[in-house]
Amino acid sequence: MKKRILAILISLSIPFSMISCGAEANSNKNNTASNISNNEATLIDEEDNINDNTQSDKYDISNSNETITDNANIYYYDVVTDKIVYISKTIEIKDKAVATALVKELKKAPSEEIASALNSDISLNSAKVDSENDTIKLDFSSNFVEAQNLGSGPESSTLTAICNTFGDYFNVSKVIITLDGKPYTSGHISMKDGDIFKVNLDNTFELTK
């Protein structure tokens, strides 16, 4: 009789033991999944930071001792058609000096009929992007107006072409231009401290090769 009761008790204890083991296994599985999920979240955060850094590097003009290429739209004023035109091309960027690379392209005439947007004697002192305020600030050498030597209409349109080049590439809609730290001033245009030029990509025409 005692042996029979003992056998019954043993048979009843086995399912409970199996249930307990299953619950523990599920608990361990859940903990493992949680750890994997946390690790994935960490990796995603790290990737986001890398992407953010890569994005900011694009706008960096500091030294990095490397040469890369990128696509850019370079804008010019076509005095014959009285239109703002552009060419889409691959530019070479040395030491992350993106703004310098754009200036170099603006000094090249796109064709025999269209003049360069910047005179070769002009230099860029600095360029600073303020994404929060949707602005880029460009400081050129003080000989800018004299070297450009443009009438009122061509001067305004050429400035628009320059602003479009930087605004298009850096994805901002406002440009502040200073000459050796002072607001842009010529015989036709007089800007005050903080005054902006608007980027205007409407009614621009791509030059075909």
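## Confidence in the model

The protein has an average pLDDT of 78, and 68% of the residues score at least 70. Among the elements of the protein, the highest mean pLDDT, 98, belongs to strand β4, which covers residues 135–140, while the lowest, 38, belongs to helix α1, which covers residues 2–58.

Over residues 1–63 the pLDDT stays under 50, and for this stretch the model has 20 contacts beyond four places in sequence. Where pLDDT is low, the predicted coordinates should not be read in detail.

## An open sheet and a helix across it

Three strands form an open sheet in the order β1-β2-β8, and their pairing is mixed. The edge strands of this sheet are β1, at residues 67–78, and β8, at residues 204–206, each of which pairs on one side only. From one strand to the next, the twist averages 40 degrees.

Strand β1 and strand β2, the latter made of residues 83–94, run antiparallel and are joined by 12 bridges. Within the sheet, Tyr77 stands opposite Ile84, which belongs to β2. Helix α4, formed by residues 152–170, lies across β1, β2 and β8, and its direction makes an angle of about 155 degrees with β1.

A search of the whole structure finds 2 salt bridges. In one of them, Lys89 is paired with Glu105, and the closest N and O atoms are 2.7 Å apart. Because Lys89 lies in strand β2 and Glu105 in helix α2, which spans residues 98–106, this pair ties together parts that are 16 residues apart in sequence. Glu105 also meets the side chain of Lys108 in a salt bridge, with a distance of 3.4 Å from N to O.

Methods. Residues numbered from 1 in each chain as written. Predicted model: local features only at pLDDT ≥ 70, side-chain atom pairs only at ≥ 80, totals over all residues. Heavy atoms only, no water. pLDDT = per-residue confidence, 0-100. Helix = DSSP H or I, 4+ residues; strand = E, 2+ residues; numbered from the N terminus. Contact = heavy atoms within 4.5 Å. Pairing = 2+ DSSP bridges. Axes fitted to C-alpha atoms, helices over the stretch in contact; angles between N-to-C directions. Salt bridge = Lys/Arg side-chain N within 4 Å of Asp/Glu carboxyl O.
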